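Biologist: Can you put the model up? I'd like to go through the contacts with you.

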Amino acid sequence: IKVHPATPAAVFENIQRRFAKAQIIFKGRLEDLFSKAFVVISNSSGGALEAISRGIPSLVVLSQTQLSYCPVPPSVDSRIWRLCSSPEELANGIEHFSRLGMEQRQELQKLGQEVLGHYFSPSDSKALKDFSERLQKF
C-alpha cells in the first residue's frame, strides 16, 4: 500500500491497524511501484490516470464525507477502471481485476497505450517549447 505523502498520521495508523499484513510504503516514487501493481486504488490522485496509461487497472474511491474529484476522464474505457462509492464496490473491483487472464491484461495494455497517447505528451524540448508558446498566448 502506497499512501499519499500528505495523508495525516492518524490515517496511517488506521491503515496499519486494518491491513496489518500489508506492506505500507510511505516514501518513494509511485511510478517505481507500478511494475509490482495489479491494480491501483486512489481517491483523487492523478496516479490513477498514470496507472491506466500503463495498462494497470484503477479503482477510484469516492469520498463518503466530502466533495470527490475523479481524475479519470469519462472518455476512458470503463474496462480499465471503476468508480467505487462503497466498500462493497471496492472489494468487487479488486476481485474483478485480480481474476483477469493474460489475454484480458493484454487488452488493458492496449487501452493504456490509447490513454497514454491521448492524455500525455513527451517531456522533450519540442513539447516544452509548444507548451511555452501556448502559455504565452494567455
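**Salt bridges and sheet**

Modeller: Start with Arg79: this residue makes a salt bridge with Asp77, and their closest N and O atoms are 2.8 Å apart. A salt bridge here is a side-chain nitrogen of Lys or Arg within 4 Å of a carboxyl oxygen of Asp or Glu. Keep in mind that this is a predicted model: local features need pLDDT of at least 70, side-chain atom pairs count only at pLDDT 80 or more, and totals for chains, interfaces and linings use all residues. Residues are numbered from 1 along each chain as its sequence is written, and side-chain values use heavy atoms, with hydrogens and water left out.

Biologist: How many salt bridges does the structure hold?

Modeller: Five.

Biologist: Back to Arg79. Which Glu forms a salt bridge with Arg79?

Modeller: Glu107, with the closest N and O atoms 3.8 Å apart. That pair links distant parts of the chain, 28 residues apart. Glu107 is in helix H5 (residues 102-119), while Arg79 is in the loop between strand E2 (58-61) and strand E3 (81-84). Helices (H or I, at least four residues) and strands (E, at least two) are DSSP runs, numbered from the N terminus.

Biologist: Which residues are linked in a network of salt bridges?

Modeller: Asp77, Arg79 and Glu107.

Biologist: And how does Arg79 count, buried, partly exposed or exposed?

Modeller: Partly exposed, at 45% relative accessibility. Asp77 is partly exposed too, with a relative accessible area of 27%. Glu107 also counts as partly exposed, at 31%. The cut-offs: buried means under 20% relative accessible area, exposed over 50%, and partly exposed in between (1.4 Å probe, protein chains only).

Biologist: What does Glu95 meet in a salt bridge?

Modeller: The side chain of Arg99, at 2.8 Å, N to O. Glu95 is partly exposed at 37%. Arg99 counts as exposed, at 62% relative accessibility.

Biologist: Then what sits over the ring of Phe97?

Modeller: The charged end of Arg82, 5.8 Å from the ring centre. That needs NZ of Lys or CZ of Arg within 6 Å of the ring centre and within 35 degrees of the ring normal.

Biologist: Cysteines next. How many disulfides?

Modeller: The count is zero, taking a disulfide as a pair of cysteine sulfur atoms within 2.5 Å. Cys84 is buried, at 1% relative accessibility. Cys70 counts as partly exposed, at 28%.

Biologist: What's the strand order in the sheet?

Modeller: E1-E2-E3, an open sheet of three strands with parallel pairing. Strand E1 (40-42) and E3 each have a single partner strand, so one side of each is left without a neighbour in the sheet. Two strands pair if DSSP finds at least two bridges between them.

Biologist: How many bridges join E2 to E3?

Modeller: Four, and the two strands run parallel. Val60 has Leu83 in E3 as its bridge partner.

Biologist: One last spot. Where is Ile56?

Modeller: In the loop between helix H3 (47-53) and E2. Ile56 is buried, with a relative accessible area of 7%. The C-alpha atoms of Ile56 and Ala37 are separated by 7.3 Å, and these residues are 19 apart along the chain.
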